[in-house]
Amino acid sequence: MRLAAWVSERMRTRRVALLALSICLGAASCAAKTPEPPAPAVAERAATALAPFKADLMQALQAGLAESPLAAVRVCRIDAPTIAARAGSGDLRVGRSSHRLRNPDNAPDPWMQSVIDAYRANREDRQPRTVSLGGDRYGYAEPIVMQPMCTTCHGKVLAPDLQAAIAALYPADQATGFAVGDLRGIFWVTLDGTPATAGGSR
Ligand code: HEC
């Protein structure tokens with residue numbers, strides 16, 4: 001009698017222990033696979049960092065175009081990387097990428113490629129995306145969609161002098177043949193989930 005009671009007591013504790021263990025393991029493996037990203041805070045910080053980058057790029061492009069498309073190409077070539085470098089600070093990096101590149105320096109990292117693939121697979125999906133890059137690092141992306149003014153340099157037909165200038169500067173250019181509304185690429189940001197010094201200065 002006492003032995004039976006002892007056995008059933010042992011089995012009960014073991015069951016409880018096993019249950020607890022499986023809950024722990026379950027939670028641990030869940031946490032390892034999909035760490036809960038602080039998505040709203042990360043996305044908000046990334047979007048805030050992108051805003052001046054987008055505005056400065058557009059301003060530089062328009063100022064160049066006001067002179068001539070050839071001048072604008074020079075502006076894009078020289079100013080775009082500088083503007084991107086200036087938009088980043090501390091843990092935060094900013095840039096552009098594409099599935100059809102003009103400048104090979106803008107080649108996508110694997111996570112960017114996945115986001116681009118997802119946008120390309122669904123034309124209706126133009127929502128920003130936040131992805132975990134492991135540890136406390138996150139990637140944020142917004143789609144870049146072709147507008148009428150972009151066709152001057154990324155469209156199906158380019159002015160011959162412009163075509164020649166672009167070919168000379170970018171011998172491996174793949175960034176023509178786009179139509180208005182097409183996905184041209186992405187704006188991307190990489191950043192920490194909990195930055196040591198949020199915000200930072202330029
Ligand atoms: C005056 C010509 C010109 C116009 C107009 C223009 N671009 Fe570009 N674009 C360029 C050049 C040149 C580069 C390469 C910049 C570099 O060297 O980093 C470029 C690069 C890019 C890139 C980076 C990815 C890559 O292929 O290297 C994106 C994205 C892009 N352009 C989108 C646009 C969009 C969207 C518009 C319209 C709002 C636009 N461009 C208008 C000339 C132009």
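The largest share of the shell around the ligand, seven residues, comes from α3. Keep in mind that this is a predicted model.

User: Which residues come nearest to the ligand?

Analyst: The shell around the ligand counts 25 residues. Elements giving two or more residues to that shell are α3 (69-87), α5 (151-154) and β4 (183-192). As for the ones that come nearest, they are Ala72, Arg102, Asn103, Cys150 and Cys153.

User: How far apart are the end C-alpha atoms of helix α4?

Analyst: Helix α4 runs over residues 110-121, which makes 12 residues. At 1.5 Å a residue, α4 should span 16 Å. The model agrees with that, as the end C-alpha atoms are apart by 16 Å.

User: Within what arc do the buried residues of α4 fall, seen down its axis?

Analyst: In α4, the buried residues are Met112, Val115, Ile116 and Tyr119. They line one face of the helix, while Pro110, Asp117 and Ala121 are exposed on the other side. An α-helix has 3.6 residues a turn, so residues three or four places apart point the same way. Seen down the axis of α4, the buried residues fall within an arc of 100°.

User: What do the buried residues of α4 pack against?

Analyst: Ala141 gives one example of the contacts here: leaving aside neighbours within four places in sequence, Ala141 is in contact with residues including Met112 and Val115. Both Met112 and Val115 are among the buried residues of α4. Taken together, the buried residues of α4 pack against β1 (93-97), β2 (129-132), β3 (137-145) and β4.

User: Which element gives the most to the largest nonpolar core?

Analyst: That core has 28 residues, and those with the most contacts inside it are Ala49, Tyr140, Ala141, Ile186, Trp188 and Val189. At least two residues each come from α2 (39-67), α3, α4, β3 and β4. With seven residues, the element that gives the most is α3.

User: Is Val75 buried or exposed?

Analyst: Val75 is found in helix α3. Leaving aside neighbours within four places in sequence, Val75 is in contact with Ala60, Leu61, Ala63 and Gly64. The cut-off for the call is 20 or more other C-beta atoms within 10 Å. Val75 has 20 of them, so this residue is buried.

How values were computed:
Residues numbered from 1 in each chain as written. Predicted model: local features only at pLDDT ≥ 70, side-chain atom pairs only at ≥ 80, totals over all residues. Near = placed C-beta within 6 Å. Helix = DSSP H or I, 4+ residues; strand = E, 2+ residues; numbered from the N terminus. Expected span 1.5 Å × (residues − 1). Buried ≥ 20, exposed ≤ 12 C-beta atoms within 10 Å, placed from the backbone. Arc of directions from axis to C-beta. Contact = placed C-beta atoms within 7 Å. Core = buried A, V, L, I, M, F, W, Y, C linked by C-beta atoms within 7 Å.
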